[in-house]
Amino acid sequence: MAEVTRVSVEIAGTEISFETGRMARQASGAVVVRAGDTIVLNTATAGNVRDVDFLPLTVDVEERMYAAGKIPGSFFKREGRAGEKGTLTARMIDRPLRPLFPKGWRYETQLVSIPLSVDHVHPYDILAMNGASAALMVSNIPLPTPVGAVRIGKVDGNFVVNPEEPDLLEDADLDLVVAGTEDAILMVEAGANEIPEAEILDALDIAHEEIRKLCALQRELAQKAGKEKLPVEEPQVDEALYEQIKESHGAALEQATQVEEKLDRQEACSRVEQEVLERYAGDPEAEDHSERRAAVQLAFDKLEKTFIRQRIAVEKKRPDGRAADEIRPIEIEVGVAPRTHGSALFTRGQTQALSVVALGTLREEMRLDTLGLQTAKYYWHHYNFPPFSVGEAGFMRGPKRRDIGHGALAERALVPMVPSTDEFPYTIRVVSDILESNGSSSMASVCGSSLSLMDAGVPLKRAVAGIAMGLIKEGDDYVVLTDIAGVEDHLGDMDFKVAGTERGITALQMDIKISGVTFDILRDALDQAHRAREFILGRMAEVIDAPRAELSPHAPRISSIEIDPDKIGLLIGKGGETIRALQEEFEAQIDVNDEGQVLVYAANGEQGDALVDRIRTMTKEVEVGDEFDGKVVKTTTFGAFVELAKGTDGLLHISNISPGERVDAVEDVINKGDELRVRVVEVDRERGRIGLRLADDPAIAGKTAEELTQVGTGDNGARGGDRGPRGDRGPRGSGRPRRGPRDRDRR
C-alpha cells in the first residue's frame, strides 16, 4: 500500500491539511484538502501530447450533492452539468494557474476538484483552489511554483481571513478571494458593499501574508511526495529569422498595428502576416513545412507584440490613439425596448451592451440546488456573448463558462444596491446581450444593467458603473491603461475590472500575467479606475439620474401589506373559500406567510390597490368612528346585523334604524340583503359587541370618536356579535373573528 503523506498549517485559527497517497492514486497527482468537516479531492492528470498552438488545460469542479447530505432536486435525481457555483470555482482555479504553465506544454491536462464533504462553515472553493495547485505540485506536470488562495471578509467592520459561510451570507461587507504565489498576487475576485480603494489594498496585503504560508506548505508536500516532472521544451524564437522578418516587413507591420479601427487593424495585420508566411514558410509540399511555418509564426507574433507593447509602455501611444486615462466615446439610451419592464443600450467605443429587465412575482425566484446555504435568489444577471459581436460566425449552444463568469461579476456589482424584497417585493432578472465587443464587455453590462434597472423603476440605492483597467510593463517602463480594448487585454500584463458607486467598490476582478506588479502599480490602477468610474456615472446621470417613479405599465403590480397574524385565518376563510373568492373577483394572486405579510400580485395598479383596500378593511380592528358600506345579513326583533367585513358584524339597533321615528318591526324599514352606510359608535371587545348607527344620523354627525362613545347604541346592552348563525358558518363576532385552516389552505 502506498505511503500516505500529510502536512498541515494553521490559517486564522483553522487547521488546513493536505494529504496525498490515500485516494485516487492512479492520477498523476491527487491531494485531499480539509478544513473542519469540509473535504475536497483534487486531481491533476497529464494525457497525450496534442499538436496545438494553445495550452490544452481543462478544469472541472464536480459538485456531489451527497457532500451536504442532499439528494439532487432534478427529475433524474442525479447531478447534471456543472452549476454556477462549480463553474465559477473552476474559473478561479484556472485563472491564476494557466499563466504559470511553461511555454510549449502540449500535454492534454485536466484538473478535477470534487467536494466530498461540506460542513457549511468552511466554503469548499478556497480548498479546491489550493488543492488543485497542490495536486499539480505532487504530479509529474512541471508547474514552476505553487499557488495559494485565501478569502478575506469584512465582518462587523473588521477584516477576517477565511470567514465562515454564514457570516458571508449575512454580515459581510466584503467577500474577497485572492490567489497568488510567494512573490506576487495573480488573481482577485471580490464583491463588496461600497468599500474604499485603500481598504481593498489593505485586504490584499493581509491575504498575501497567508498565501505565502499555503505556498510553503505545498512545497513541503511536493518535497515529501512529489513525482519527477515531465520534460518540456519551451519554443525558442529563431533570432535570425526574427531579424529577417523585421527587416522586410517590420515597417508594414508597425503601420498596420496603428490602424485605429479594430476590424480594419486586424485585417491589415493579417495581410502582413500572410505575406510573411508565404515568403518565409517555404514550400508547402516540403517535409519540414509545418515546423518552418510554426517558427515563422512564432517570430511574427513576437514582432507584432513587441511593436504594440513598446509603443504603449515607452512611447505612451495606444493602438487607437487615446491617452492612457482616456475613455472611449460613450452613448446611452434607455427605454429602447418598449414592451419590456426596463431597458438600456450602453455603447462605449466599439463595445455595446443591451441590458433588459424583467420583473416577476416572488414565486418566480431562482431556486438553487447547490452545496451551499443559499437556497434562492430574487435578483440575478445573465450575460450572453454571441459570435456576431466580434464579427464571427459560430455555434450558439447556451452559455459558456466565460458568459457565466461575466454574468456573475455584473450581478455581484449590483447586489449591494438592489433593494430587499421587503422594500421591493419583486423577483428581478437582468439580461445583458453583447451586441458589439472590443474589450470590457462585462463592465459595459454593469453600466447597462444599472441604467435598465432605473428605467424599470427598481429603487436602486445608487447607480453603479464599471471600468476595465490594463497594464503594459516593459522593464522599468509601465503604463496603466483606462478602458482597455481587446488588443490591450490580449497583449497586456493585467486585466483589472472595477465596478462601484460614487462611494466605493462593489465588485472587483483582476488577473495578472506577470510577477512584477507592485502595490504601487495597483494603487495607481485603483485611483485611475475611481476617476473613470466617476466620469461614467456622470454620463449615466445625464440620461437618467434616479429610478423612475412608476413601473412600466407592462410590469406586474405587487403590493405588500402587514396584517395581524391572528387575522390570517379570516383572510383565508373556511377551506380557503375567502382567499379564492378575492383572487377571482380581482383577477389577482394573494400570498400570505405566518408572520402576517400579505403579497398581492395584480395585472394592473387599479386592481391591486382595490384588493389591498379590501384586505385592509377585512383584517383591521374595528374602531369607534369607522364607517362601512355594509350588507344586512340578519334581522331580529331588536335590530339588524350588518356585515362590516368578512366574519365581522355589528348591530344596528331598532331604535336607530329610522332616526326620529318609531319603528315597530325592523322589516318595515330594512330587509336582509340591503346595503347601508353605517358608522361604529361602540366597540366592546370582551363581549364581542359592535354598536352601529346610520352614517347620516343627525345625532352622530360631526362627532369625534370620544363623543361617539358617549352616544352609544341605544340598545340597552344588545350584543352585536353572537346573535345568529349565518348558514353553516357559526357565530359571527368582532373581537374574535372566524379563522380558517392556516397551514393546509394558505398558499
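Strand β24 (residues 597–602) has 6 of its 6 residues buried, so the strand is largely enclosed by the rest of the structure; buried here means under 20% relative accessible area with a 1.4 Å probe, protein chains only. Strands are DSSP runs of E with at least two residues, numbered from the N terminus. This is a predicted model, in which local features need pLDDT of at least 70 and side-chain atom pairs count only at pLDDT 80 or more, while totals for chains, interfaces and linings use all residues. Residues are numbered from 1 along each chain as its sequence is written, and side-chain values use heavy atoms, with hydrogens and water left out.

In a regular strand the side chains alternate between the two faces of the sheet. From β24, Gln 597, Leu 599 and Tyr 601 point one way, whereas Val 598, Val 600 and Ala 602 point the other way, and all are buried.

| Partner strand | Bridges to β24 | Sense |
|---|---|---|
| β22 (residues 557–562) | 6 bridges | antiparallel |
| β23 (residues 588–592) | 5 bridges | antiparallel |

Within these pairings, Ile 561 stands opposite Val 598 in β24, and the bridge partner of Asp 591 in β24 is Leu 599. A hairpin is formed by β23 and β24 with 4 residues between them, and Gly 596 in the turn has a positive phi of about 95°.

Elsewhere, 6 strands form an open sheet of mixed pairing in the order β1-β2-β3-β4-β6-β5. Strands β1 (5–11) and β5 (57–61) stand at its edges with a single partner strand each, so one side of each lacks a neighbour in the sheet.

Note on methods
Two strands pair if DSSP finds at least two bridges between them. Buried means under 20% relative accessible area, exposed over 50%, partly exposed in between (1.4 Å probe, protein chains only).
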